Amino acid sequence: MYFLSKELFFPPVEEANDDGIVAIGGDLSPERLLLAYKSGIFPWFDDDEPILWWSPPERMVLFPEEFKVSKSMRNILNQEIFKVTFNQSFRDVIANCSTIKRNGQQGTWISEKMIEAYTKLHEMGIAKSVEIWQNDILVGGLYGVDLGHVFCGESMFSKVSNASKVAFVSLVRKLKEANYKLLDCQVHNSHLESLGAREISREDFMGIIKKG
C-alpha cells in the first residue's frame with residue numbers, strides 16, 4: 001500500500017489492492033484532488049480515518065447516449081414542477097449532501113474538510129453543481145468534478161420526491177449536448193443501473209480518462 005507524502009504523486013491505478021485502494025494519506029488540496037481525478041482516482045473515507053484514495057477494478061459509468069428516461073419522469077419534467085440551475089449554490093448543495101439521511105448508512109463521508117476542499121475546486125471552475133428549486137427553496141441537487149470530457153459525479157440529495165432524479169436527468173442532458181464521453185458514477189448502484197449506467201473495467205475507464 002502506497003503512503004502519500006507532500007509530493008504531488010499517485011501510483012499507477014494498476015497497483016490498487018483488491019478492494020480498489022490506490023494510496024493512503026496526503027491532503028485534499030485542489031492540486032492533489034485534480035491530479036487524482038485526472039488519474040482515475042477519487043477520495044472516499046470516514047472523518048476519523050486517514051484519506052483513502054480509490055480506483056475500483058470495476059467502474060460504474062453512464063454513457064450519455066445510453067441514458068434511459070422513464071415515461072413518468074418525462075411527465076414530471078414536462079410539468080415543470082421544479083426550476084433547474086447550474087453552479088448557483090454549490091456550497092449549499094454539498095452541505096445538503098453531507099447531512100441528508102440515506103438508507104443503510106450510519107453517517108456521511110462528506111466532512112467539513114471535504115466541503116472546504118471541493119468548494120475551492122468550485123471556485124476554480126472545476127467542481128460543479130446542479131440545483132433543483134421548488135417555490136424558491138433548494139430541494140435537491142448534485143455535485144461533481146468536471147474534467148471537460150468526463151464528469152465525475154460525487155453525491156446527490158433530495159428533500160422532496162424526484163428532485164435528485166430531475167438533477168441527474170438535467171446533468172446528463174447537458175453532458176450529452178456537450179459531447180461528454182461519460183458520467184463517472186464510481187461504484188455500483190442499482191438505481192443508476194436502471195437509468196442505463198453499467199460497470200466497465202478499470203482499464204477501459206482509464207482509456208477514456210486519458211483521452212481528455
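Which residues does Ile-132 touch, not counting residues up to four places away in sequence? They are Phe-82, Lys-83, Val-84, Ile-137, Leu-138, Val-139, Gly-140, Gly-141, Ala-163, Val-166 and Ala-167. Touching, or contact, means heavy atoms within 4.5 Å.

Before I go on, a word on the source. This is a predicted model, in which local features need pLDDT of at least 70 and side-chain atom pairs count only at pLDDT 80 or more, while totals for chains, interfaces and linings use all residues. Residues are numbered from 1 along each chain as its sequence is written, and side-chain values use heavy atoms, with hydrogens and water left out.

Back to Ile-132, which is found in strand S7. Helices (H or I, at least four residues) and strands (E, at least two) are DSSP runs, numbered from the N terminus. Ile-132 is buried, with a relative accessible area of 0%. For that term, buried means under 20% relative accessible area, exposed over 50%, and partly exposed in between, with a 1.4 Å probe and protein chains only. The C-alpha atoms of Ile-132 and Phe-3 are separated by 39 Å, and the two residues are 129 apart along the chain.

Strand S7, residues 127-134, also comes up with helix H3: what covers the buried residues of H3 includes H4, S7, strand S8 (137-146) and strand S9 (150-158). Helix H3 itself runs over residues 90-99, and its buried residues are Phe-90, Val-93, Ile-94, Asn-96, Cys-97 and Ser-98.

Next, the helix pairs. Helix H1 (residues 30-38) and helix H4 (residues 112-123) have axes that come within 9 Å and cross at roughly 80°. Axes are lines fitted to C-alpha atoms, for helices over the stretch in contact, and angles run from 0 to 180 degrees between N-to-C directions. H1 and H4 are therefore roughly perpendicular to each other. On that scale, angles under 35 degrees count as roughly parallel, over 145 as roughly antiparallel, 65 to 115 as roughly perpendicular and the rest as oblique. H1 brings Pro-30, Leu-33 and Tyr-37 to the contact, and H4 brings Ala-117, Tyr-118, Lys-120 and Leu-121. By class, that contact has six nonpolar residues, no polar ones and one charged. Here Ala, Val, Leu, Ile, Met, Phe, Trp, Tyr, Cys and Pro count as nonpolar, Asp, Glu, Lys and Arg as charged, and the others, Gly among them, as polar.

The other pair is helix H2 (residues 71-79) with helix H5 (residues 163-177), whose axes come within 11 Å and cross at roughly 90°. H2 and H5 are therefore also roughly perpendicular to each other. Met-73, Ile-76 and Leu-77 of H2 meet Lys-165, Val-166, Val-169 and Arg-173 of H5. Five residues of this contact are nonpolar, none is polar and two are charged. Arg-74 and Val-169 are 95 residues apart in sequence and 9.6 Å apart in space, C-alpha to C-alpha.

Is Ile-41 buried or exposed? At 1% relative accessibility, it counts as buried. Among the residues Ile-41 touches, beyond those up to four places away in sequence, are Phe-10, Pro-11, Trp-53 and Trp-54.

Last, the backbone. Most residues other than glycine have a negative phi. Which way does the phi of Asn-179 go, positive or negative? Asn-179 has a positive phi of about 60° although it is not a glycine. Asn-179 sits in the loop between H5 and strand S10 (182-186) and is exposed, with a relative accessible area of 62%. Gln-186 also has a positive phi, near 70°, and is a residue other than glycine. Gln-186, however, lies in strand S10 and is buried, with a relative accessible area of 10%.

That is the list.
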